[in-house]
Amino acid sequence: MQGTSGQSVKVAVVGASGYTGAELLRLLLHHPFAEVVYITSRQFEGKKLTEVFPHFLKSKYENLVFEEYNPDRFSDIDVAFLCLPHGASFPIVKELYYRNPNLKIVDFSADFRFKSPENYERTYRVEHTAKDLFLDSAYGLPEINRSEIPKKRIVANPGCYPTSIILGLYPARIKGLIDTSFPVIADSKSGVTGAGRKANLNLLFCEVNESFKAYSVEGHRHAPEVKEKLELPLFRFTPHLVPMNRGILSTIYFKTDAEREELQEIYKEVYKNEYFVRVRSTPPKTSDVSGTNFCDIYVTKDESNELAVVVSVIDNIGKGASGQAVQNMNLLIGAPENTGLTLFSNWI
Ligand SMILES: NC(=O)C1=CN([C@@H]2O[C@H](COP(=O)(O)OP(=O)(O)OC[C@H]3O[C@@H](n4cnc5c(N)ncnc54)[C@H](OP(=O)(O)O)[C@@H]3O)[C@@H](O)[C@H]2O)C=CC1
Ligand SMILES: CC(=O)N[C@@H](CCC(=O)OP(=O)(O)O)C(=O)O
């Protein structure tokens with residue numbers, strides 16, 4: 001494997017037929033070192049990539065064919081991306097980790113996101129059978145955990161909502177500006193690709209279009225992820241589904257003694273060297289970051305009630321998933337973190 005002097009990094013994408021897998025392939029087309037050599041899908045096994053995704057016609061992927069998952073195929077692979085549902089990833093991580101000592105794995109699922117397997121089992125109600133591998137895994141949100149990622153062979157790509165919320169709260173949290181005796185509240189809205197590319201009556205065009213709903217109101221599995229990473233004792237999260245393809249907008253509230261200008265200065269200062277975080281002077285919209293790996297953040301304060309308000313936007317399959325995964329791969333291979341990720345939004 002080599003990332004910095006031009007040699008190729010051989011890549012496998014397991015679960016390449018889903019939304020995050022397809023977006024990952026699109027992003028890797030623009031990566032100077034990544035060479036995608038193996039893609040898997042159960043439902044499309046044997047089909048050419050371009051039969052399923054014609055938008056890749058005339059790309060360098062024209063000869064790629066979906067194959068079945070086969071652990072023997074990973075002997076010459078440097079980085080495997082697992083774009084699989086939670087619970088489906090950890091058996092594969094376990095198998096590949098021991099068979100291929102040089103392989104690095106970026107896992108899109110929640111299977112290695114928590115600090116302990118017990119937290120995962122409590123949240124996801126699945127028995128984890130690769131508990132020992134937590135020791136060799138890192139939470140893959142580079143802006144808060146950069147130094148750990150290159151030291152590990154498994155990177156747990158964060159949840160999409162947690163990415164937008166954690167980045168929206170991080171400067172205030174590390175500077176001690178959040179009054180944690182009051183609940184921190186996040187109200188997030190997601191595009192429909194957030195739910196994955198599978199048949200589901202609730203996601204039919206007519207059921208989603210021209211409508212807007214809250215879901216998992218009694219509690220969503222991403223709340224424990226945010227609570228753990230930011231060590232928040234009181235955190236309330238409500239997700240919403242909006243009729244758009246991509247994007248997450250999180251509006252976040254916390255009680256603070258800090259003045260509005262102080263908050264704005266601190267956010268700028270904390271993120272001044274972060275390529276992928278843009279601290280904005282007006283509230284961002286999801287189309288500003290669509291198709292990109294940016295997280296745009298606006299912070300202000302409603303002085304009438306001592307509440308800070310943060311608006312944070314990402315593309316759920318960009319910084320929320322596949323863009324972030326490429327950023328993590330860059331850290332694993334020692335390449336500049338924005339390699340292959342300098343795309344900007346189409347905007348409209
Ligand atoms: N969509 C999003 O915005 C985000 C998603 N994620 C996470 O990324 C992962 C992938 O999400 P997404 O791409 O949206 O999901 P999709 O449902 O669109 O795709 C899932 C992929 O996994 C394969 N797959 C499904 N079930 C299994 C299984 N039991 N064993 C092996 N392969 C399986 C499917 O292919 P096939 O059936 O052909 O084998 C498909 O390629 C999930 O863990 C998701 O939670 C994280 C952040 C954001
Ligand atoms: C709109 C929508 O349905 N979103 C998904 C979150 C998708 C996601 O990426 O979450 P994980 O990676 O943790 O599975 C949901 O709420 O279940």
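Reader: In which sense do S4 and S5 pair, and over how many bridges?
Author: Happy to start there, in this predicted model. Strands here are DSSP runs of E with at least two residues, helices are runs of H or I with at least four, and both are numbered from the N terminus. Two strands pair if DSSP finds at least two bridges between them. S4 and S5 (residues 104-107) pair in the parallel sense over four bridges.

Reader: What is the hand of the crossover from S4 to S5?
Author: The chain leaves S4, passes through helix H3 (residues 89-99) and reaches S5. A crossover is right-handed if, with the strands pointing away from the viewer, the path from the first strand over the helix to the second runs clockwise. This β-α-β crossover is right-handed.

Reader: Which residue stands opposite Phe81 on the S1 side?
Author: S1 (residues 9-14) also pairs with S4 in the parallel sense, over four bridges. In S5, the bridge partner of Phe81 is Val106.

Reader: Are the faces of S4 covered or open, and which residues show it?
Author: A residue is buried if 20 or more other C-beta atoms, placed from the backbone, lie within 10 Å of its own. Both faces of S4 (residues 79-82) are covered. The buried residues are Val79 and Phe81 on one side, and on the other Ala80 and Leu82.

Reader: Which strands lie at the edges of the sheet?
Author: Seven parallel strands form an open sheet in the order S3-S2-S1-S4-S5-S7-S6. Each edge strand pairs on one side only, and these are S3 (66-67) and S6 (137-139).

Reader: How is ligand 1 surrounded, and which helix gives the largest share of its shell?
Author: Ligand 1 has 29 residues around it, the closest being Gly15, Gly18, Arg42, Gly196 and Arg197; a residue is near if its C-beta atom, placed from the backbone, lies within 6 Å. Helices H1 (19-29) and H10 (318-333) each supply at least two of the shell residues. The largest share, three residues, comes from H1.

Reader: Which record annotation covers residues 10-152?
Author: The end C-alpha atoms of this span lie 18 Å apart, and it is 27% helix and 17% strand. The UniProt record, an unreviewed entry, gives it as "domain: Semialdehyde dehydrogenase NAD-binding".

Reader: What numbering and confidence cut-offs apply?
Author: Residues count from 1 along each chain as its sequence is written, while chains are lettered from A and ligands numbered from 1 in the order written. Totals for chains, interfaces and linings use all residues, but local features need pLDDT of at least 70 and side-chain atom pairs count only at pLDDT 80 or more.

Technical notes. A residue is buried if 20 or more other C-beta atoms lie within 10 Å of its own, exposed if 12 or fewer, and partly exposed in between; C-beta atoms are placed from the backbone. UniProt positions are given in the numbering used here, feature names are shortened, and annotations may be inferred rather than shown by experiment.
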